[in-house]
Amino acid sequence: ASRQGPHLRLAGGGAGIINFCANNYLGLSSHPEVIRAAVEALEKFGAGLSSVRFICGTQSIHKDLEEKIARFHQREDAILYASCFDANAGIFEALLTPEDAVLSDELNHASIIDGIRLCKANKYRYKHMDMQDLEAKLKEAQKHRLRLVATDGAFSMDGDIAPLREICQLAQKYDALVFIDECHATGFLGPNGRGTDELLGVMDKVTIVNSTLGKALGGAAGGYTTGPKPLIDLLRQRSRPYLFSNSLPPAVVGCASKALDLLMESNAIAQSMAAKTQRFRSKMTAAGFTISGKDHPICPVMLGDARLASVMAEDMLNRGIYVIGFSYPVVPKGKARIRVQISAVHSDEDIDRCVEAFTEVGRKHGAL
């Protein structure tokens, strides 16, 4: 019953709730400058375009945002979609033929999996972040015309980061392209928040980046592909979600554009994430919990049992902490967890209160 942010009011009278389950990594969903930019775009450019891009659905702000995205990622060009799910649904079918091969991490996001299903390329699935298995699959795929390795940059359920240096080395060795989904990395991973490829020093070796405007970059909606200009030109002609979906509304474009401005002006917000993430992870580990992943603001509290995750999340809400339990089929059987997400706008006191509540609830239910 309130705007998104670190503190919420829930329908039914729940006030003073601390939110630890949003993708609002940088706190920009309620940033006054981001909201102001949305209002200005709404007033100047209207509520929406009532059209797809190639008919009469392209405004100057759409082209400006695409140029800004490409500049932010240090790529040649970019193309906007209604969501990153659409960006992932639209790229593999347009790029790959039955003569090609796509090699996908087994824990990739559902949108990557669905996008790969839509294409006619030969499909290989390698074990999660297992470079020996990827190399074996790349050797097997040498018979195909083109090879594309597809991976999440940061995996949303486990908070782990793909070994992009090793992936890029194997791609170079076996003449493959690299695609990464950066939805849980754009804006806050890397020295300037440019993502996993910046964090690991391989921006010049990753060919294609797909990401979202609906998480760290303002939190409204929208997704994009950025990469070589010939690829973007191809997508504008052949990518079905782009061709047959309405243009992003001006207010959403305004939000995302201002969010990128803030990031490119200063890396202070992105840099603030590391200390907050470390505070939560170290205090929870000291309390006796197992936290999956490493150095990522997605902090899965591993519990194993689905019912335990559910009742603990409910008890956390009763203590004013909003978190959600995840269990099969969202995660594998026996791997139930409560996924905590740290935001740049959480205070140290917010984080400490969350840890205290987890400790109380964990002891009550025998998780500690």
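The UniProt record, in an unreviewed entry, lists residues 17-358 as "domain: Aminotransferase class I/classII large". Such annotations may be inferred rather than shown by experiment. This is a predicted model: local features need pLDDT of at least 70, side-chain atom pairs count only at pLDDT 80 or more, and totals for chains, interfaces and linings use all residues. Residues are numbered from 1 along each chain, and side-chain values use heavy atoms, without hydrogens or water.

Over residues 17-358 the chain is 44% helix and 17% strand. Helices (H or I, at least four residues) and strands (E, at least two) are DSSP runs, numbered from the N terminus. The end C-alpha atoms of this stretch lie 15 Å apart.

Now the sheet. Its 3 strands run in the order E10-E13-E12, open and antiparallel. Strands pair if DSSP finds at least two bridges between them. E10 (298-304) and E12 (324-326) each have a single partner strand, so one side of each lacks a neighbour in the sheet. The twist averages 30 degrees from one strand to the next; axes are lines fitted to C-alpha atoms, for helices over the stretch in contact, and angles run from 0 to 180 degrees between N-to-C directions.

E12 pairs with E13 (residues 336-341) over 3 bridges. There, Ile324 has Arg339 as its bridge partner. Helix H12 (residues 268-287) packs on the sheet, touching E10 and E13. Contact means heavy atoms within 4.5 Å.

The structure holds 0 disulfides (cysteine sulfur pairs within 2.5 Å). For Cys354, the nearest cysteine sulfur, that of Cys299, is 9.3 Å away.
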